[in-house]
Amino acid sequence: MITVKTEQEIDLMREPCAIVRDTLTYIGTKIRAGVTTAELDKLAHDYIKSRGAEPSCLGYCGYPASICASVNEQVVHGIPGDRVIREGDIVSIDLCAYKNGFHGDGARTFAVGEVSDEKKKLIRVTEECFFKAIENLRAGTPLYDIGASVQKHAEENGFSVVRALVGHGIGREMHEDPSVPNFGKRGTGIRLKAGMVICIEPMINAGSWQVDFLDDGWTVETHDRKPSAHYENTVVIREDGVEILTL
Ligand code: MF3
Ligand code: CO
C-alpha cells in the first residue's frame, strides 16, 4: 500500500531528513585515507544521537551498524569494520535517521584524495542520474519514468544500472511501497500522487550490472569487481515538481 502523507506528516519528516543530510555532510569531512569504516560508523552514530534521532539501520533485520559504508566494488550495504580507507578509493555512505515517528534516508559517494578518471566520472554520472530522474517528476508522472531517466543517463555514459536493488517509499517505515527501480520503460507504472514520499537512489556500476550478495548476509558487490557508486535522496512528490528533503 502506498501512503500519501499529509502536510503535517511531511513537516514531521523534515527533521529526520535534515539530520540525514547533515550526517552525510559531516561524514564527508571525516573520510580520508587511514580511517576505518568502523570509525566513520561510530562518528555517524554519535552525531545522529546528538541530534536526538535514532540511526534506523542499527538493528534493522539484525544489521549491526548505523551506516552502510561501501568501498569501490561494493555496491551497497557494506558493513563498517576494520577496512582502512585508502587514497584512490570511492566510499558510498548510506544512512537513515528516525525522529518524530518518521524516517529519512540518503546516500552519497565520496572520493578519497585523487581517484581515477573513471571513478570521478562514475560519481558524477550517478548524481546526475538522480537529477535527471527528478527533472520532469511531479504528480501524475508514471513511476517507471524515474528508472527510465536513470537508465538512459547511466547507459549513455557507458555505465550500467544495478537491477537487484531498488529505491522505495518511506515514512513511518524505512521501506514502504512503492519499489522504485532505476531501470524501466517510460510511460509505465502507477501514476505518482502529490504527497507520496519516495527514496530515489541510483546504484550505478562502471562495468556490468550484475552483482553478488556476500556471505556476510549484507554486502553487495559488483560481479566484475569494477567500482560502483550510489546517490540517494528522500523526495516529496508535489503537484508541480518534487521537494528534496535530504539536500
Ligand atoms: N538506505 C538503505 C536502504 O534503503 C538502508 C539500508 S539500512 C540496512 O536499503 F540496515 F538495511 F542496512
Ligand atoms: Co534507501
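## Exercises: cysteines, contacts and a ligand

The sulfur of cysteine 96 lies 4.2 Å from the closest cysteine sulfur, in cysteine 57, too far for a bond. This is a predicted model: local features need pLDDT of at least 70, side-chain atom pairs count only at pLDDT 80 or more, and totals for chains, interfaces and linings use all residues. Residues are numbered from 1 along each chain as its sequence is written, chains are lettered from A and ligands numbered from 1 in the order in which they are written, and side-chain values use heavy atoms, leaving out hydrogens and water.

**Exercise 1.** Find how many disulfides the structure holds.

*Solution.* 
- Set the cut-off: the two cysteine sulfur atoms must be within 2.5 Å.
- Check cysteine 68. Its closest cysteine sulfur is in cysteine 57, at 4.8 Å, so the pair is too far apart for a bond.
- Check cysteine 96. Its closest cysteine sulfur is also in cysteine 57, and 4.2 Å is too far as well.
- Count: the structure holds zero disulfides.

**Exercise 2.** Describe the surroundings of lysine 5.

*Solution.* 
- Lysine 5 sits in the segment before helix H1 (7-30). Helices (H or I, at least four residues) and strands (E, at least two) are DSSP runs, numbered from the N terminus.
- Classify it. With 8% relative accessibility, lysine 5 is buried.
- List its polar contacts. These are pairs of N or O atoms within 3.5 Å; within protein, one must be able to donate a hydrogen and the other to accept it, and residues adjacent in sequence count only if both atoms are side-chain atoms. The lysine 5 side chain meets the side chain of threonine 3 at 2.6 Å. A polar atom of the lysine 5 side chain also lies 2.8 Å from the backbone oxygen of isoleucine 170.
- Not counting residues up to four places away in sequence, lysine 5 touches Ile10, Met13, Ile170, Gly171, Glu176, Gly195 and Val197.

**Exercise 3.** Do likewise for arginine 32: partly exposed or buried?

*Solution.* 
- Arginine 32 is in the loop between H1 and helix H2 (37-50).
- At 47% relative accessibility, arginine 32 is partly exposed.
- Its side chain reaches the backbone oxygen of threonine 29 at 3.4 Å.
- Beyond neighbours within four places in sequence, arginine 32 contacts Ile85 and Val112.

**Exercise 4.** Which residues are closest to ligand 1, and how far away are its polar partners?

*Solution.* 
- Count the neighbours. A residue is near if one of its heavy atoms lies within 4 Å. Ligand 1 has 14 such residues, and the closest are Cys57, Asp94, Asp105, His168 and His175.
- Pair the nitrogen atoms. The side chain of aspartate 94 has a polar atom 2.9 Å from a nitrogen atom of ligand 1. An N or O atom in the side chain of aspartate 105 is 2.9 Å from a nitrogen atom of ligand 1.
- Pair the oxygen. An N or O atom in the side chain of histidine 175 is 2.8 Å from an oxygen atom of ligand 1.
- Check the cover. On its own, ligand 1 has 330 Å² of accessible area, of which the protein covers 96%. Areas come from the Shrake-Rupley method with a 1.4 Å probe; for residues, only the protein chains shown count as cover.

Methods. Buried < 20%, exposed > 50% of the residue type's maximum accessible area, 1.4 Å probe, protein only. Contact = heavy atoms within 4.5 Å.
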